[in-house]
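Trainee: Before we use any term for this model, could you set each value against its definition and only then conclude?

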Amino acid sequence: MTAGELTLFNALLFFAIWEVQSRGDSDIDPDELIRYRRITDANFNCGVEETEIIAIANYENALTLCLAAYYAHTSGDIVRHQAVVSAAARHCVQLGYNRHDKGQLTPDEAHKRRLLFWHVYISELGLTLRLGRAAVIQEFDVDVPPPTVSADSRQAVWDESLRAFTRFSRLQSKIYRKIYSPGAIATFREEPQKRQARVAKFSAELNQWLMEWNQINGAEAYYPMVYQHTFVAVEVIYYSVLTLLHRGSTDSNSPGDISPECFAAARQGLESHLRIFPNVVARGPGTVSYYGVWIFMYSSFTPYIVTFLHCIANTDTNDLLLLKSVVDTLGDIGAGYELMQRQKSLCSSLYRIANAFIESRQQVQNNGNQNVDQQMDHQAFVTAAEQTLNLPLQPDAIQDWGNFDTIVEDWESQYFNQQSLMLGNSLDQ
């Protein structure tokens, strides 16, 4: 047995034990399940480090790396996810799984390879916007048929969802390539009118995707509770992507140039979180942890940043309440994940800044013309708010943020008109 085959065996056994534990209906001794899950976990992760699995392209190694990517995803390890899924993608391309087999394979073999390819495709292309980098799998190099849909209506729900996420991942990759990539930026310098046209096109495609997604009835799937757990964060992720898309409608760093569509998408994203989160909590800590990985690691916190900027620019108390409501739900989400804790800390800091700003603004208004100097100071903050502090579109999952979060914390103790705000226009800054 090769190292790849042994690692795949442990991976499959690990996930089988995980499923048995999740269902909670097994007669197997729970302590035995825990012990064997720990053993297979160690063997699986140790095996993935073997050079053979990364270097040699075959079905078993590609499947092992795909499972490793899913493992990294559920663990919130986006760096490892990107590394192993890129290797899986290279294997798939080298093996020709991205191409139509033209009848050389048996139906079962073709289906097996196709299913693996589409899972790798979704896993890899779904990272392009989040990490701000191109995928190994390029759309012009793919002509394999889409995932098939079972005649079994309950299995068909899962199959339709897989097909939907191939389209969603493809859209994310297209938004990166056509809006945020270096090539896109160069095009916009020469032909700036293309920027708005592309944003409008992708916005329509995303809207169409959401309508189609909402037609899928998860309650009719096999294991409906597992289905709901798997796709619990879809709406929040959707609005995060939509917010990033509309942020790309201008290359200006000024909050005043953010489009109304971007502000609307950001608000819808935060409202979706508030609507969904009570059900997430009701499903237990496992779902809360999984949901936290999705909203903090695999989608940007751009909606919170954009809503914060709208709150400051318009002295909007409704925005302030929304920011506060979201902060209040974060609680223990992502305990143990450093990146999540830092994002949560930033959200809390931004809320406190917005709250202090609006309170100061209200004091100015209540004082009328009695303190002209204070009003001028406040106006100086508003007019100079695009010069000093660059708020990132999303946190860099790989590099350190330096002292950005420290600056945000320190800002609260400083006088508002001594600070300014800009919103980054790059995914990987």
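Mentor: Two residues touch, or are in contact, when they have heavy atoms within 4.5 Å. This is a predicted model, in which local features need pLDDT of at least 70 and side-chain atom pairs count only at pLDDT 80 or more, whereas totals for chains, interfaces and linings use all residues. Residues are numbered from 1 along each chain as its sequence is written, and side-chain values use heavy atoms, with hydrogens and water left out.

Trainee: Which residues does Val-326 touch, not counting those up to four places away in sequence?

Mentor: With those neighbours set aside, Val-326 touches Leu-270, His-273, Leu-274 and Tyr-304. Val-326 has its place in helix H16, where a helix is a DSSP run of H or I with at least four residues, a strand a run of E with at least two, and both are numbered from the N terminus. The C-alpha atoms of Val-326 and Cys-347, which are 21 residues apart along the chain, are separated by 8.7 Å.

Trainee: Why is Val-326 called buried?

Mentor: A residue is buried under 20% relative accessible area, exposed over 50% and partly exposed in between, with a 1.4 Å probe and protein chains only. The relative accessible area of Val-326 is 5%, so Val-326 counts as buried. In the protein chain, which has 429 residues, buried residues make up 49%.

Trainee: What makes a space a cavity, and what makes it a pocket?

Mentor: On a 1 Å grid over the protein atoms alone, a cavity is a set of points where a 1.4 Å probe fits but cannot get out, a pocket is an open set with protein on both sides within 12 Å along at least five of seven lines, and lining residues have an atom within 4 Å of a point. Of the 16 residues that line the largest cavity, Val-236, Leu-270, Ile-295, Ser-300 and Phe-301 lie nearest its centre.

Trainee: How many charged residues does the lining of the largest cavity have?

Mentor: The lining of the largest cavity has no charged residues, with ten nonpolar and six polar, where Ala, Val, Leu, Ile, Met, Phe, Trp, Tyr, Cys and Pro count as nonpolar, Asp, Glu, Lys and Arg as charged, and the others, Gly among them, as polar. The second largest pocket, with a volume of about 400 Å³, has three charged residues in its lining.

Note on methods
Points joined across faces, edges and corners; volume = space filled by probe spheres on them.
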